[in-house]
Amino acid sequence: MVDIQVLLTTMMELFAFIVVGYILVKKHQISKETNKQISGLVVNVLSPALIVSSVCVKSDYDGNDIIWQALGAGVLLYLFLILLAKLVNRCLKADEHEAPVYELLMVFSNTAFIGYPILRVLYGDFAVFVFSLMHMPFNILIFSYGVYLIGKGSVKENQKISIGNILSMGTISSLLAIIIYMTHVNMPVPVVDFLSMLGNATIPISMIVIGASLAFLPVKEIISEKKLYLLVAIKLIVLPIILYLLVWRLPFDDFIKSLIVVSGALPSASMVVILSTEYEGDVKAASAGVFLTTLFSIITMPFMLNMLL
């Protein structure tokens, strides 16, 4: 069982960093462009360093079975999320413009900015590596399936899917981590220490980025999106319960099952807002969904994980 006191303390610490980012924007210390650049630093440098460094530490798991389980669980997880998202859309009676965004909010979660810090506290560094493998379909689907969906509800045509986007630094670092793990390469201590120092910066800086991103959103318009409150409840409360009931019947290691449940408790990914902006989707609904799931997850995650794990 998860220690709820430790988890609550962790969430409060993360929330404090979010508040710092929010205040920095309101005090005009961080602009949209600066926040975008810092976000790029997290995605392209800090998070990849965290993934690679996480596989350089000793773990209780030997052999490659855990890798194949993580990859297989990830494929099944995303297939299930896509089917569930379509069902949720029907229940919410979303219109043609809202439906693609609602679907993406359900399918894609903030696995890196919030998932990695939480897992590191709960299970240690190795969990970050396994979790990154489980969510490798994220980069492939967000820039293919995601772009396709947004295109259905937007006025922008001829969306292009870039191989460069799919082969992101997150994907590349996960592949590199697999190679290191499977070949049992002993990385030089200075290299491991360097990567660990970079990786450790992921947690505070990513939280500050989230806080800054929330500060740029139109709060009054966001809280008026009443239909989204039901989606938030399904995303943060119903989904982890469904996943818990399903995964414990599957032939996966208990560690993998726990990571799947954690995946279901995470808030929606900020990439949904970025795609909606780029391809002229429902930016208001996307911003509201990310904003609300992020804020409410600070309360729901500790209790849901304590109850289910």
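A residue is called buried when its relative accessible area is under 20%. In the predicted model shown here, buried residues make up 53% of the 309 residues in the protein chain.

**Figure 1. Overview of the protein chain in the predicted model.** The secondary structure consists of 17 helices and 0 strands. The radius of gyration is 19 Å, close to the 19 Å that the globule rule gives for 309 residues, so the chain is as compact as a globular protein of that length. Along the principal axes, the C-alpha atoms fill a box of roughly 50 × 50 × 45 Å. Of the contacts with a separation of 6 or more, 88% are made by residues 24 or more positions apart. The chain exposes about 14300 Å², and carbon and sulfur atoms supply 66% of that area.

**Figure 2. Helix H6 and its surroundings.** Of the 10 residues of H6, 9 are buried, so this helix is largely enclosed by the rest of the structure. The buried residues are Phe126, Ala127, Val128, Phe129, Val130, Phe131, Ser132, Leu133 and Met134. They pack against helix H2 (32-54), helix H3 (65-92), helix H5 (111-123), helix H7 (137-142), H10 and helix H15 (254-265).

**Figure 3. Aromatic pairs formed by Phe126.** A pair of aromatic rings is described by the distance of the centres and the angle of the planes. The count for the model comes to 8 aromatic pairs. In one of them, Phe126 and Phe129 form a tilted pair, with 5.6 Å from centre to centre and 55 degrees between the planes. These two residues are 3 apart in helix H6 (residues 125-134), and therefore separated by about one helical turn. Both Phe126 and Phe129 are buried. Phe126 also pairs with Tyr181: the ring centres are 5.6 Å apart and the planes stand at 40 degrees, so this pair is tilted. Because Phe126 lies in helix H6 and Tyr181 in helix H10 (residues 169-183), the pair ties together parts that are 55 residues apart in sequence. The relative accessibility of Phe126 is 7%, so it counts as buried; Tyr181, at 9%, counts as buried. Elsewhere, Tyr78, Phe108 and Phe138 form one aromatic cluster.

**Figure 4. The salt bridge between Lys86 and Glu103.** Side chains of opposite charge can pair when their charged atoms come close. The count for the model comes to 4 salt bridges. In one of these, the side chains of Lys86 and Glu103 meet at 3.0 Å, N to O. Lys86 lies in helix H3 and Glu103 in helix H4 (residues 99-107), so the pair ties together parts that are 17 residues apart in sequence. Lys86 has a relative accessibility of 38% and counts as partly exposed, whereas Glu103 is buried, with a relative accessible area of 5%.

**Figure 5. The salt bridge between Glu98 and Lys227.** The closest N and O atoms of Glu98 and Lys227 are 3.2 Å apart. This pair links distant parts of the chain: Glu98 is in the loop between H3 and H4, and Lys227 is in helix H14 (residues 227-247), 129 residues apart. Glu98 is buried, with a relative accessible area of 14%. Lys227, at 32%, is partly exposed.

**Figure 6. The salt bridge between Lys257 and Asp254.** The two side chains meet at 3.9 Å, N to O. Lys257 and Asp254 are 3 residues apart in helix H15, and so are separated by about one helical turn. An α-helix has 3.6 residues a turn, so residues three or four places apart point the same way. Lys257 counts as buried, at 8% relative accessibility, while Asp254 counts as partly exposed, at 49%.

**Figure 7. A nonpolar patch on the surface.** The patch is formed by Met12, Phe15, Val19, Tyr22, Ile23, Val219, Ile223, Tyr229 and Phe296, which together have about 720 Å² of accessible area. Helix H1 (residues 4-26) supplies the largest share, 5 residues. Val19 lies in helix H1, and its 30% relative accessibility places it among the partly exposed residues.

Definitions and conventions. Residues are numbered from 1 along each chain as its sequence is written. This is a predicted model: local features need pLDDT of at least 70, side-chain atom pairs count only at pLDDT 80 or more; totals for chains, interfaces and linings use all residues. Side-chain values use heavy atoms; hydrogens and water are left out. Rings of Phe, Tyr and Trp (its six-membered ring) pair if their centres lie within 6.5 Å; planes under 30 degrees apart count as stacked, over 60 as edge-to-face and the rest as tilted. Helices (H or I, at least four residues) and strands (E, at least two) are DSSP runs, numbered from the N terminus. Buried means under 20% relative accessible area, exposed over 50%, partly exposed in between (1.4 Å probe, protein chains only). Patches are made of residues with over 30% relative accessible area and no salt bridge: like charges are joined within 9 Å, nonpolar side chains (Val, Leu, Ile, Met, Phe, Trp, Tyr) within 5 Å. Accessible areas come from the Shrake-Rupley method with a 1.4 Å probe; for residues, only the protein chains shown count as cover. The radius of gyration is taken over C-alpha atoms; the globule rule is 2.2 Å times the number of residues to the power 0.38. Contact means heavy atoms within 4.5 Å.
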